[in-house]
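Reader: I am new to reading protein models and would like to work through one by asking about it. Could we take it a piece at a time?

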Amino acid sequence: MRLTYPDSIRIIRLPCTGKIDVIHMMEAFRKGADGVYVAGCLEGECHYLAGNLRAKKRVEYTRKLLDEIGIGGGRLEMYGIAASDGPRFAEVAEEMHEKIKALGPSPIKGAIQKGVLL
Amino acid sequence: MKSGSTLERMLESGRFAVCAEAGPPKGSSPKVIQKKGEILKSCSDAVNVTDNQTAIVRASSISGCVLLKELGVEPVLQMVVRDRNRIGLQSDILGAVALGVRNVLCLSGDHQRFGNHPTAKGVYDIDSMQLIQMVKAMRDDHKFLNGEEVSGDIPLFIGAAANPFADPFEFRVTRLAKKVNAGADFIQTQGIFDTPKFVEWMKMVRDRGLHEKTHILAGLIPMKSVGMARYMRNNVPGLSVPKELVDRMADAKDPKEEGVKICLETIEQLKDVEGVHGVHIMAIAWEDIVPRIVEEAGLMPRPVV
Amino acid sequence: MVKDKTGAIMVVGGGIGGIQAALDLADSGFYVYLVEKSSSIGGKMSQLDKTFPTNDCSMCIMSPKLVECGKHLNIEILTLSEIESVTGEEGNFHVRLIQHPRYIDIDKCIACGTCAEKCPKKVADEYNTKLIKRKAAYIRYPQAVPLKYLIDKKNCIYFRKDKKCRACEKFCPAEAVDFDQKEREITIDVGAIILASGFQPYNPAISDSYQYGRSPNVVTSLEFERILSASGPYQGHLVRPSDEREPKKIAWLQCVGSRNTRIGDKGYCSAVCCTYAIKQAIVAKEHSAIPLDTAIFYIDIRTHGKDFEKFFNRAREEIGVRFEKSRINSILPAHDEENLEITYLNGEGKVVREEFDMVVLSVGIDIPKESIDLAQKMGVELNHYNFVSTGYFDPLRTTRPGIFVCGAFQGPRDIPETVTQASGSAAAASSLLSEQRHTLTKEKEYPEEMDITGKAPRIGIFVCHCGTNIGGVVDVPKVTEYASKLPNVVVAEENLFTCSQDTQVKIKESIHERQLNRVVVASCSVRTHEPLFQDTIREAGLNPYLLSMANIRDQDSWVHRSNKDSATEKAKDLVRMAVAGASKLSPLYRTKLPVTKRGLIVGGGIAGMTAALNIAGQGFEVILVEIEKELGGFAGNIRTTLQGDNVRQYLAGLIEVVKHNEKIEVLTETSVAGFSGTKGNFKTVLGVGASMHHREVTHGALIIATGATEYRPKEYLYGEHESVRTQVELEGMLLTEGEKIKGWKDVVMIQCVGSRNNSNPNCSRICCQQAVKNAIAVKEINPDVNVFILHRDIRTYGFAEDFYRQARQMGIHFLRYKEHEDPIVEKAEGKIHVTFKDLTLGREITIESDQVVLGTGVVAGDTEDLANVLKVPLTSERFFLEAHVKLRPVDTQSDGIFVCGMAHGPKTIDESISQALAASARACRLLSQDYIEVGGIVARVDPELCASCLICVRACPYEVPFINNDGVSEIDISKCQGCGICASECPAKAIDLSHFEDMQILTQIDALLEAS
Amino acid sequence: MIVAERKPIDEIIGFVQDCKKILLVGCNECVTVCYAGGKKEVGILSSALKMAFSKEGKNLDVKEATLERQCDPEYVQQLSEYYDQYDAIVSMACGVGVQELAMRYLNKQVFPALNTNFMGASQGQGIWEERCQGCGECVLGRTGGICPIARCAKSLLNGPCGGSMNGKCEISKEVDCAWQLIIDRLTGLKQMHMLEEIFPVKDWSPAGHGGPRRMVREDLKS
């Protein structure tokens, strides 16, 4: 029996969440993502020792920035998931999907569809 | 005589002096200071008028001094370096003398962050040490800070504060020595609760012979409630309130009585400490207790000098 | 004529020990046959939820090793295989194996799981300790290596019912099911064999006193691991089997199948159960939504491993795990028949009845019948408990030359000890076959790479159906059609299995015919398949980094089965993103740096000398540095071992051999003054001799073997009273002052002096054995003497338990004193009074003794200077810190620097020897390479942009970036681990991580979102 | 270095709300190092501004440029080729850089994106502390190398006020009492006698109270 999760999720692969940059998250929102989440190793279990802790702080910073410009920091999350924990991965995907559904489309999206940005 | 003030005469004659304190109001009414003056008149030798204490805007210290003087109470003008630069300070000294003020207490002042205008710019052009030096130069050499001549006399009895309880403890006596060298004629200390520590400090003071060069008035703050005791223990920088005293206040049936009792016990212990020439009672918003404390401490009536 | 030895080695057993041995050997130039009797490697560790004392997820830390083993060019995994016979001799063995049929063609199986899905037969799942069911067509666990399904003949309907059913065969998209497979006999020639067949958990059903098998709520500890595991029967929800409700109270019973000579002669201590019970109690409390009461019933808590005592302290002091020092009287079903009632004597000697919702039996390590048979077939002798018999000073060598052993088959071992022994046995085998290194290993050759600079991207995309795995959900033709129109795409093809051999040929042809310079594969996970496709394009002359993958299976068809349209749309998104990313890819090159084939060992004790001899035996030069005037180290203070082996004689012999080995240069009175370089090429400045003249040496690897020292007691009148001695001092007296000992009437030994207290929270591991050893020796010299050993727990783990039992039988008194209430030692006319509170009797006792002997702990030596020079971290007790507690126990965090012996933590001589061999294996793995490759996915600095702000210097978890002589940041690519943390911190955007450059990531984001 | 931090985005948006195209200029010196206005922060602010605009249905074109230094005219000059295409310039440098841009490009509005805080030192990743107020007459030789002007809340020159407690300043338990630090250091150096003397009243004119400061080195002038 394989797990399923909502089809709204697209994955961009990084070597370590320590590589995630504020600008990556910002640009994803600017280009119209409704939500972004960073899935890293559990705290204390980073393969590169501390990457997920750095990522967590950058996510927090970006959340504040998104709040500041009215996109809403709640659209951005960080999760720690053990590499072997498929069920948790699916659970997180579901949780994030529901959360973003409740928040509705990103305020940017409407603007983009009007063709302002393209 | 440097100033001829009552306080100076009292101390120079070797008597045990009693000072009290009166804070001006956050308003323009003269009544507040006048009322406090009436209460303190007969039980003290001089009354300090605070200078925007805890950085909260109040009527000026000079105005309070004048109001007290009108009642026949001898004022001590408190001056802090927080709000005025050297020009303002010297100007107010001249004016105060003209209005009959004869005692001045030179202070740094609480930082503006604590007051009701925390966003204010602090001046701190000179520090309290330099203020003492400046007043002394005006009085003794008739010189402004820039070396120009001061016309007329500046008969001021110069005071300074000392805090035996602040850190670093070892440096506190050195700092007192500096103040004495700068020209402090008398010293009013921070409120004393931790008597043993004060006694230890006084020994260091005597070891350097400072008690012979200046008059040390021991500070006292009567406690009104356990809340006040706790607040001072936990929140007031530079105060050292031992836990036992807080416990005593907490256990007391009548905390006010206990506060008076503690104050009287402290005075009793201080009287025997060599080099202590008097007390300075800071009964914050509780001026009416001062007569009773002075009475029960056996310091009444106040001698006339 | 002497026949050449064979440069291949067989490792028997595919658990963590076998895996480690195989990897070390294969990486050192030997061809390895890894023989596993089950269908996949992984062993017991794969079944664990967490590992102590760090509570790391077991599978998470193990799975990279599984994958590495699975794809290693020089490791041949033989699953479902058993050894029939071993003939020949050391250097040239002929091994006959039987390989059982899998009934699924391993080359065709694509691990899609259809067979299991369609299989109608459900059977108990052994991997999940039979708590749930699996199918007769199955895979042991999702991360299994090889990731190939099998059919369980015993349960398969086809085999049981006249060839009916065949559902798996019918639905298998790869035509991999083959019911006609037959048992196969294989003969393999190897030069050496390593036995790593492990253990089985003790079966408590043998005794009826535990209610095991009668009450479903009495489980073994391995069953409990599965209950806790997120991939286990209850998805990690802590419930008990009978009613799947959350338990409120759980009891652990220790020493089930251990320390018991009555049931099945399990007289040894299994050494791991105390710590794993603590781990389970902690994890159970963490998992439990309601407050959980956890009680561990024990005889002695044996947390003697590195930092285990702190783990124990945390469990009882912070987490609130209850520890009941008690033997259980009985365990019976409670009134409701689901709970269990345990009757026991509590600390005050009162009988207590307590009900628990669940009972976990901390079962010991047992040797399975098959292993006993195996040993017999191989001609290897076993000891009285059926573990492999080895010599104390040669703990990894069996009685048959050329056959080595590691892990739990040699004695009860935890994971790091097993891994250590595994590397150690690899070292021993490598030394035996060192001339044959690289004679049988394979190496791949590739054509010259095409130069693509300045060429516009020409992308070929291959979209995989993965049988019906992708094709059954995603409209692959539509996606391929879409892909063909994307910018820069010149070829778009669909394949039934892109990973099949024929597709590899097709991809290569496309690259040549259409001059492709980037390749996109839209199929499955990079984790499992990137190496394959990288290899394919490399074979066609493309740089391997010019590959991009879109995972339209794991991330799409598998997880969005119910909506085919949206899965197809998502596949298009993922393909578009991969194509856009591919157009920005650039080739990356790895630089080859030659390796200095010389080892440097710091510390000339038994560990250092053992490592030196092994490295020399493997054919490399060694410089052995000792700070003292003579070699020997701490062992010079020891006369015999607990087992009675003569340490002095051994040590003297070892020193002679080391001094006369022409590959070893011994430098005494020498210390390390400076250190630089990277793995493979270090430069160390030594201060040599009394004059401390500086000498610079170059070497490829370094082993720290600086040992430890004995705690010098400040307590118990030590140094003040002549009759207070340490155990080491007593040992010195045994030979020379027998007469004096004969005059003693009462001797008191006090344990845990300088250990397990606030200043040194850890257990020193060896002192209990030392006390038992010396107590027996004293008793043998003077049978009338009363010996009292005052202790907190007696920690004679493993076979040492036999001697503890012997000591008690000899009448030596073991008395337990209370923690934080240390005994009081006072002078009293000619005697010494020792007063303490006896925990069993519950009252104060004073012993008038002639002699007090202190079991002093082991403390780290002056490690700080060396640690600073080498830039390797220490533990808070100043022992050297290993790179990973479980799986890299002799590596340090700095590549190329290893640690062994007491420098790593307290241990016995045989343990130090195993560890020294392990360190040597790890060092020789490096030294046996002609060059090391560095670079690839690493961070690179643009000096023009660098603001020299130091942020990268501070942010790098490996301390790689530094500000160079030009005043800008520089990253040594041979040290960079490629995490990208620096790149994402750099405020001047002067650093980029190749292959994950900002521009590449942002391009993917753009492409992904451009349709929205 | 000069330590600065980004202004709230709202305030920056307020400056440029009527613009369609802006030039966003970073500086590769102090403000890069203190994570306020380097190339990275320019990218982030650019993204944030564009996003904020598009949220309102407006478009903002942002040209990102990071100069080696905004406090040297030659570097500032590098914008001259294209600055005119933009409605306004937003500087992510300290107050010095903002003014240099403003003085060079007289026909363009120049807005600050940062608040310039102080001259300080980094105390590890992400922490900066004030160390110097540029008073023009350094007293560090007499105070054990620790500045009471920058680091004492009252800039006292003759020892700690009565609010010094447990080594901390009366204004906050987070702030070290500079005088405690001075005394500890001088005690360690056996130089406490230096504090016995009364430090005279300070000349504040070189500290800027004598008007804007300017320095000329004749030997270097061309």
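Reader: Which elements of chain D are included in what covers the buried residues of α5(D)?

Author: This is a predicted model. Helix α5 of chain D spans residues 95–104. The cover over its buried residues includes both helix and strand: α4 (73–77), and also β2 (21–27), β4 (88–91) and β5 (109–112) of chain D.

Reader: Which residues of α5(D) are buried, and what arc do they cover around the axis?

Author: The buried residues of α5(D) are D:Gly97, D:Val98, D:Glu100 and D:Leu101. They lie on the same side of α5(D), because the arc they cover around the axis is only 165°. In general, an α-helix has 3.6 residues a turn, so residues three or four places apart point the same way. For α5(D), the arc asked for is 165°.

Reader: How many residues does each side give to the contact of chain D with chain B, and how does the chain D side divide by class?

Author: Chain B brings 27 residues to this contact, and chain D brings 24. On the side of chain D that touches chain B, the classes are twelve nonpolar, nine polar and three charged.

Reader: Why is chain B called as compact as a globular protein of its length?

Author: Chain B has eleven helices and eight strands. For its 305 residues the globule rule gives 19 Å, and the radius of gyration of chain B is close to that, so chain B is as compact as a globular protein of that length. The radius of gyration itself is 18 Å.

Reader: What share of the residues in chain B is buried, and what share of its contacts joins residues 24 or more positions apart?

Author: Of the 305 residues in chain B, 52% are buried. Taking the contacts in chain B with a separation of 6 or more, the share from residues 24 or more positions apart is 80%.

Reader: In what order do the elements of chain A run?

Author: Chain A has four helices and two strands. Of its 118 residues, 47% are buried. Read from the N terminus, the order of elements is α-β-α-β-α-α.

Reader: Which helix of chain A gives the most to the side that touches chain C?

Author: The contact joins 35 residues of chain A to 42 residues of chain C. Three helices of chain A, α1 (22–30), α2 (51–68) and α3 (86–103), each supply at least two residues of that side. With three residues, the helix that gives the most is α1(A).

Reader: By class, what residues make up the side of chain A that touches chain C?

Author: That side of chain A can be split by class.

Reader: Which residue in the hairpin of β6(C) and β7(C) takes a positive phi?

Author: Strands β6 (residues 81–89) and β7 (residues 92–99) of chain C pair in the antiparallel sense over eight bridges. In this pairing, C:Ser81 is opposite C:Gln99 of β7(C). Two residues lie between the strands of the hairpin, and the residue with a positive phi, near 95°, is C:Gly91.

Reader: Is C:Lys742 exposed or partly exposed, and which residues does it touch?

Author: C:Lys742 belongs to helix α19 (residues 738–742) of chain C. C:Lys742 has 13, so it is partly exposed. Leaving out residues up to four places away in sequence, C:Lys742 touches C:Ile781 and C:Asn782.

Conventions:
Residues numbered from 1 in each chain as written. Chains lettered and ligands numbered in written order. Predicted model: local features only at pLDDT ≥ 70, side-chain atom pairs only at ≥ 80, totals over all residues. Buried ≥ 20, exposed ≤ 12 C-beta atoms within 10 Å, placed from the backbone. Rg over C-alpha atoms; globule rule 2.2 N^0.38 Å. Contact = placed C-beta atoms within 7 Å. Nonpolar A, V, L, I, M, F, W, Y, C, P; charged D, E, K, R; others polar. Pairing = 2+ DSSP bridges. Arc of directions from axis to C-beta.
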